Amino acid sequence: MLSRVYSGAVYGVNAYAVEIEVNAGRGEPQFVIVGLPDAAVRESKDRVWTAIHNAGFRPDPGRNTINLAPADIKKEGPVYDLPIAAGLIAATGQAEMPELDRYALIGELALSGEVRRVRGVLPVTLEMRRQGKRGILVPADNAEEAAVAEGIDVYPVRHLREAVDFLAGTLKLEPCRVDLADLMERERRHVDDFADVKGQETAKRAIEVAVSGGHNILMIGSPGAGKTMLARRIASILPEMTLEEALEATRIHSVAGTLKSHQALVLHRPFRAPHHTISDAGLLGGGAHPLPGEVSLAHRGVLFLDELPEFHRNVLEVLRQPLEDGHVTISRAAATLDFPSQFILVAAMNPCPCGYAGDPKRECRCNSQKIQAYRNKISGPLLDRIDIHIEVPPVRYHDLSALAHGESSETIRARVASCRAVQRERFARTPHVACNAAMSARDVQTFCRLDSDAADLLKMAMSELNFSARAYDRIVKVARTIADMGGAASIGAVHISEAIQYRSLDRLMWV
């Protein structure tokens, strides 16, 4: 007897439908899975066989053939356990499931028949909605994640028996519902706040400029100056995530398997801080079964690279594409995958190997050759892609002992949101540009008008300080953001002057 079940598989951060045909017939006892299954799918026969038995059904002793279509795309992971088991029970006539093909199923089975959580449930649910399915049965731990896809009923199941009884019509299950508006309102709370930061007014100003325009930033300072403390609070002043952005981020984290049990959405701006020993595949994404890397997990948020020169040179160089294009392309012989990666890069480093070059109270033990070699670990092309370089000096005792708190993240975020609103209005007819940092060279010419004093100052700076052509564009973009923050229509000399001050490494003033 033949049955047909539907499920889904993840391709990058999207999904496609998988049709599972199950045939239970007479013959020599055998369990065959075809359709390019990987090792995890082939091993499912043992899990499924035992789970069917422990759920109170009788595994068929004959020849069972399972076809996963389309047959030319490799099927990976344990997500097909539940649909294969339901298809076998239907094919052997142990339960009548007349509307089995109206639903999709996804989930891993334990030997007891319990349904375990899997990765990629949200993209699969979105694809099943597109396919017009009435509903989808998912592990209970994934139910809230799947339920954010409105327009399709999501049924949480905890056991194979529960899924079969529901499909047979002998058990009623209530679909999982998520109030997105209430969820987004309740979850938007940040633990880290800029009110906790004492002193560092110059650094906080530079960070506000970076966030307001979407610019990448590098902080240079001695150990203990507060670089990490500042970096961890940057996500708290980014504009609140829209529902569309939350869905984008959630899809990536769903595929990567980083969502917590019963987590519906990624509602806080991601903050990713990989260790400096990370590989290029870990940062960019990839592997035998390509998964999103740290740059994609930081999508719509912040990627923080502490001790920047300690990262391997080849790892840093792979950052060029995502920083320029906002996405990562991973090519394999069988397929090419594309992962989104729009983030603000926040990096931190010491001024020298010992960390105390330029420190007024600690003596530096490094000679000029060591400092130059340390600095050269960061290539010029990568440094050019970081718009703002800011020095973070040690905090003075007067600031540390002060009882007054600094501005709260909420106050700063309100100003950031106002500046971003100005940019949205400016780029309303330029959909490929979301903020000042994303402007192309042509956009810079169109939207960044310099008055005569600003033009003269920039011309002198380019000549005297030997800035590169890419640095020129970065300075103008940052100046445009500073002008927006001050409500100025055109860029003046004061805006250019401040933007130039944010190119510390180019000016070599921190040695």
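Residues are numbered from 1 along each chain as its sequence is written, and side-chain values use heavy atoms, with hydrogens and water left out. Because the model is predicted, local features need pLDDT of at least 70 and side-chain atom pairs count only at pLDDT 80 or more, whereas totals for chains, interfaces and linings use all residues.

The protein chain contains 23 helices and 18 strands, where helices (H or I, at least four residues) and strands (E, at least two) are DSSP runs numbered from the N terminus. Of its 511 residues, 53% are buried, that is, under 20% relative accessible area with a 1.4 Å probe, counting protein chains only. Among contacts (heavy atoms within 4.5 Å) between residues at least 6 apart in sequence, 73% join residues at least 24 apart.

In helix α15, which spans residues 368-375, I371, Y374 and R375 are buried. These residues lie on the same side of α15, because they cover an arc of only 95 degrees around the axis, the arc being that of the directions from the helix axis to the C-beta atoms. The buried residues of α15 pack against β17 (344-349).

K227 is placed in helix α9, residues 227-232. Although K227 is buried, it has no salt bridge (a side-chain nitrogen of Lys or Arg within 4 Å of a carboxyl oxygen of Asp or Glu), and the nearest side chain of opposite charge, E307, is 5.8 Å away. Leaving aside residues up to four places away in sequence, K227 touches several residues, including M219, S222, M349 and V392.

Key: Buried < 20%, exposed > 50% of the residue type's maximum accessible area, 1.4 Å probe, protein only. Lys, Arg positive; Asp, Glu negative; His and termini not counted.
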